[in-house]
Amino acid sequence: MTIELGHFALILAFILSIAQAGIGFTFWRGNEMAQRFVTQAAILQFALVGLAFAALVQAFMADDFSVRLVVEHSHSLQPMLYKITSTWGNHEGSMLLFVLILVVFGAAVAAFGRNLPHDLKTLVLSNQGLMVAAFSGFVLFTSNPFWRLDPAPFNGTELNPVLQDIGLAIHPPLLYLGYVGFSICFSFAVAALISGRIDAAWARWVRPWTLASWSFLTLGIAMGSYWAYYELGWGGWWFWDPVENASFMPWLAGTALLHSAIVMEKRNALKIWTVFLAIITFSLSLLGTFLVRSGILTSVHSFASDPTRGMVILTVLALFIGGAFTLFALRASALRSGGLFAPISREGALILNNLFLSAATAGVLIGTLYPLVLEALTGARITVGAPFFDVTFGGLMVPLLLLIPFGPFLAWKRGDLAAVTQRLMAAIIVTVVLSLLVFGFLGFPITLAPIGLGIGIWVMVGAIAELVDRAAIGRVGMAQSWARLKGLPRTTWSTAIAHFGVGVSVIGIVCATAFQTEIVTSMRPGEATEIAGYTVTYEGEELVSGPNFTAEQGSFMIGSPWGGERALTSERRVYAVSGMPTTEAGIRTYGFSQMYVQFGERFGEGGRVVRLWHKPFVLLIWLGTVFMAGAGFLSLTDRRMRIGAPARAKSRTARAAQ
Amino acid sequence: MRRFWTLMITLLALMMPLAAGAVQPDEVLGDPLLETRARSISANLRCLVCQNQSIDDSDAELARDLRLLVRERLVSGDTDTEVYDFVVARYGEFVLLRPVFAGHTIVLWIATPILLGGGLVALAVWAMRRRRPDTGAAKLTSEEEGALERLRKG
């Protein structure tokens with residue numbers, strides 16, 4: 001019964017969203033009734049879709065095997081957590097989650113947007129309604145999760161064992177919060193184009209949404225990467241898989257948007273470009289959804305390979321992206337350009353940042369789509385894999401990383417590069433000294449890894465240097481510096497922390513790639529292997545059983561070079577229902593480094609293939625992303641980010657200044 | 001400078017020991033130098049039955065066969081290029097994770113540098129243009145100068 005209730009609620013939400021878009025787009029100009037209607041519709045939709053989603057979760061929790069989706073993706077023996085996550089561990093459910101997050105953001109604009117100009121609010125919510133209509137329609141007509149089965153089977157066919165992990169509880173919701181969050185920026189861009197009005201107040205509104213979405217997306221991607229690292233069993237953390245690229249492209253474009261929105265808010269410049277980026281970022285999110293859901297790409301992520309669904313999503317994609325760009329082409333010239341600035345200035349630096357990030361986005365997009373296009377045109381089949389992206393993407397990132405520390409030091413409007421270099425001199429010296437120390441510590445190798453480390457150190461030191469400079473540490477007394485440091489706006493802190501995080505990730509990436517040690521060997525119980533100073537002893541295996549799997553579990557003892565022994569187990573599981581094998585790597589963390597043990601096939605008499613990795617500083621990769629996302633959230637708490645009276649007063653002065 | 005960095009990164013990428021999970025102990029060659037070459041070749045070859053995995057990472061039977069084949073060729077004295085050529089002749093270009101640089105892939109390889117270059121040129125042009133009007137705008141037409149002259153006298 002609840003499932004029918006959920007189904008009905010979703011149908012109501014679909015109809016409501018059509019009305020919302022229709023009425024909103026028709027009567028947006030100066031109509032108080034329309035404004036109130038779209039606001040209430042957005043909030044009501046949230047209740048309805050929330051109900052629909054809750055009904056589906058309830059069906060999974062209660063093992064309601066009369067629901068087809070539950071039968072196909074769950075099993076009564078699964079632990080409760082995986083029953084719940086099974087809700088979105090499949091195509092239909094994940095699309096419903098997509099719609100849920102769309103309406104969550106819509107309702108948030110409706111609820112918190114009291115200070116928004118009414119016309120703008122109506123247009124934003126109408127566009128949001130249009131997207132809800134498109135995607136809830138897609139769910140209802142091509143991917144309906146609410147269908148029943150008659151007669152109901154006694155049990156289900158289990159969630160894909162690879163997905164039975166805490167990662168599924170975190171990764172997709174975070175990723176969708178990021179992807180879908182950019183829909184708000186998209187809606188704001190469309191609203192600006194339709195109304196032809198765009199000012200600093202608009203940017204002040206768009207920036208928090210961009211920040212929030214970007215932070216969620218950062219965490220979502222990082223979580224996915226860490227999940228792949230420990231679950232797929234060979235310790236890789238980024239594969240340049242088309243599906244990863246699909247989430248990475250909106251992140252790159254979103255990072256560019258984040259920076260250009262600053263220019264727009266502070267200096268009222270780069271308006272057209274910011275609108276363009278807002279459209280591009282969400283378009284790339286949609287493209288990612290299409291690539292993953294259409295079955296064009298095969299991967300762990302593509303649960304559904306149904307051409308009909310692919311066609312429908314492609315149509316939705318074409319309509320939204322095509323529509324937005326047509327609108328852009330027609331109306332962009334109506335947006336007047338704002339403040340002037342010299343090439344060497346904070347604005348100029350941010351433009352350069354945008355140029356590199358856009359080129360990187362384009363590079364990833366071209367690399368991902370090229371094989372598809374080439375095959376369609378000529379029939380030739382090629383593969384664009386990790387080695388290609390490492391070279392092209394890496395080549396773009398090096399200059400960008402080197403330039404990062406200069407940006408925050410440059411003044412708005414007109415900067416002085418020589419003076420900035422002078423202020424950065426201490427940071428440059430510290431970087432060189434640290435890099436040389438590291439280089440020496442490594443024994444002056446002829447590889448280029450030390451250069452990578454030097455770049456990471458430079459980005460980190462540069463971030464600290466900005467804080468030191470702002471607080472005038474060393475130039476005024478300690479007490480005064482401390483007071484200055486405390487008085488710095490949170491956005492300044494978050495810039496420094498985020499950039500610092502980039503450096504941390506770079507160091508993690510370089511170390512984990514260049515200095516990892518790997519041993520492939522066969523071991524018998526009692527035998528020991530030395531790796532990177534650690535001693536790994538294989539103690540034996542036993543058969544263990546979990547709630548819905550049996551596993552051969554290898555026990556190991558790891559002796560670290562600093563003394564102390566820690567036990568570790570690594571498993572080869574076979575899931576009872578699907579009969580699918582998975583590996584559970586054994587991981588032990590030492591500081592930021594990890595020992596990674598994979599328990600392999602039987603080998604010879606009583607032996608086992610064992611693969612051992614020592615991954616130095618590998619955790620820094622994800623720690624850096626936590627810094628970045630944390631900085632994003634910190635920035636959201638800045639007083640200046642809050643939309644209220646001071647913001648309005650500011651925008652008035654900004655307008656007066658034009 | 002950019003070319004230098006691109007080159008550096010390329011070298012960096014080439015020098016990095018590549019992660020792997022699938023190689024069996026009995027596949028490992030006795031000669032460590034040969035084994036290193038085998039591993040770096042394997043990391044650039046696609047497992048044909050997998051989803052975007054190199055044969056170095058893949059547990060699939062076919063990947064194992066291909067790894068053994070690569071090692072067999074290396075032991076018999078082939079250079080790296082000869083091994084790649086041999087594999088491509090057998091399985092087609094699809095097997096290369098790093099696409100060749102040829103007519104049909106030229107757009108793939110040069111599109112991004114061209115976009116970046118174009119962007120930089122556009123920025124440079126904008127920066128140059130921005131400077132010129134500062135001096136250009138100061139110049140008055142003869143008519144305006146006449147008017148100015150009259151005003152001064154007047």
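D65(B) is in helix α3 of chain B. Helices here are DSSP runs of H or I with at least four residues, strands are runs of E with at least two, and both are numbered from the N terminus. Over to I55(B), 10 residues away along the chain, the C-alpha separation from D65(B) is 9.3 Å.

Quick housekeeping before I go on. This is a predicted model, where local features need pLDDT of at least 70 and side-chain atom pairs count only at pLDDT 80 or more, while totals for chains, interfaces and linings use all residues. Residues are numbered from 1 along each chain as its sequence is written, and chains are lettered from A and ligands numbered from 1 in the order in which they are written.

Okay, stay on that helix, α3 (residues 61–75) of chain B, and look at V70(B), which is in it too. V70(B) counts as buried, because 25 C-beta neighbours fall inside 10 Å. What does V70(B) touch, not counting residues up to four places away in sequence? The list is A38(B), I41(B), S42(B) and V83(B), where contact means backbone-placed C-beta atoms within 7 Å. Take I41(B): V70(B) is 29 residues from it in sequence, and the C-alpha atoms are 7.8 Å apart in space.

Zooming out to chain B as a whole, we have six helices and zero strands. Buried residues are 28% of its 154 residues. And if you take the contacts in chain B with a separation of 6 or more, 48% of them join residues 24 or more positions apart.

Now, how does chain B meet chain A? On the B side 43 residues are in contact, and on the A side 52. Helices α1 (2–15) and α5 (106–136) of chain B each supply at least two residues of the B side. By class, that side of chain B has 25 nonpolar, 12 polar and six charged residues. For the classes, Ala, Val, Leu, Ile, Met, Phe, Trp, Tyr, Cys and Pro are nonpolar, Asp, Glu, Lys and Arg are charged, and the others, Gly among them, are polar.

Next, the cores. A nonpolar core is a set of buried Ala, Val, Leu, Ile, Met, Phe, Trp, Tyr and Cys residues joined through C-beta atoms within 7 Å. The largest one has 176 residues, and V99(A), C185(A), F188(A) and A278(A) touch the most other members. Which helix gives this core its largest share? That's α8 (residues 200–231) of chain A, with 18 residues. Coming back to C185(A), and leaving aside neighbours within four places in sequence, its contacts include V206(A), W209(A), A278(A) and F282(A). Apart from that core there's another one of 24 residues, among them L66(B), L74(B), V83(B) and V95(B).

On to the domains of chain A, with bounds from an automatic or database domain assignment. We get domain 1 (1–164), domain 2 (166–405), domain 3 (424–515 + 620–625) and domain 4 (517–615). The centres of domain 1 and domain 4 of chain A, over C-alpha atoms, are 43 Å apart. The contact takes eight residues from domain 1 and seven residues from domain 4. The domain 1 side splits into four nonpolar, three polar and one charged.

Last topic, sheets, where two strands pair if DSSP finds at least two bridges between them. One is an open sheet of five strands in chain A, ordered β2-β3-β4-β5-β6, with antiparallel pairing. β2 (528–531) and β6 (581–584) of chain A have a single partner strand each, so one side of each is left without a neighbour in the sheet. Inside it, β3 (residues 534–545) and β4 (residues 549–559) of chain A run antiparallel and are joined by 10 bridges. E542(A) stands opposite Q553(A) in β4(A).

There's also an open sheet of four strands, in the order β1-β9-β8-β7 of chain A, again with antiparallel pairing. At the edges are β1 (517–523) and β7 (586–590) of chain A. β1(A) pairs with β9 (residues 607–615) of chain A over seven bridges, in the antiparallel sense. And there V520(A) stands opposite R611(A) in β9(A).

Definitions and conventions. Two residues are in contact if their C-beta atoms, placed from the backbone, lie within 7 Å. A residue is buried if 20 or more other C-beta atoms lie within 10 Å of its own, exposed if 12 or fewer, and partly exposed in between; C-beta atoms are placed from the backbone.
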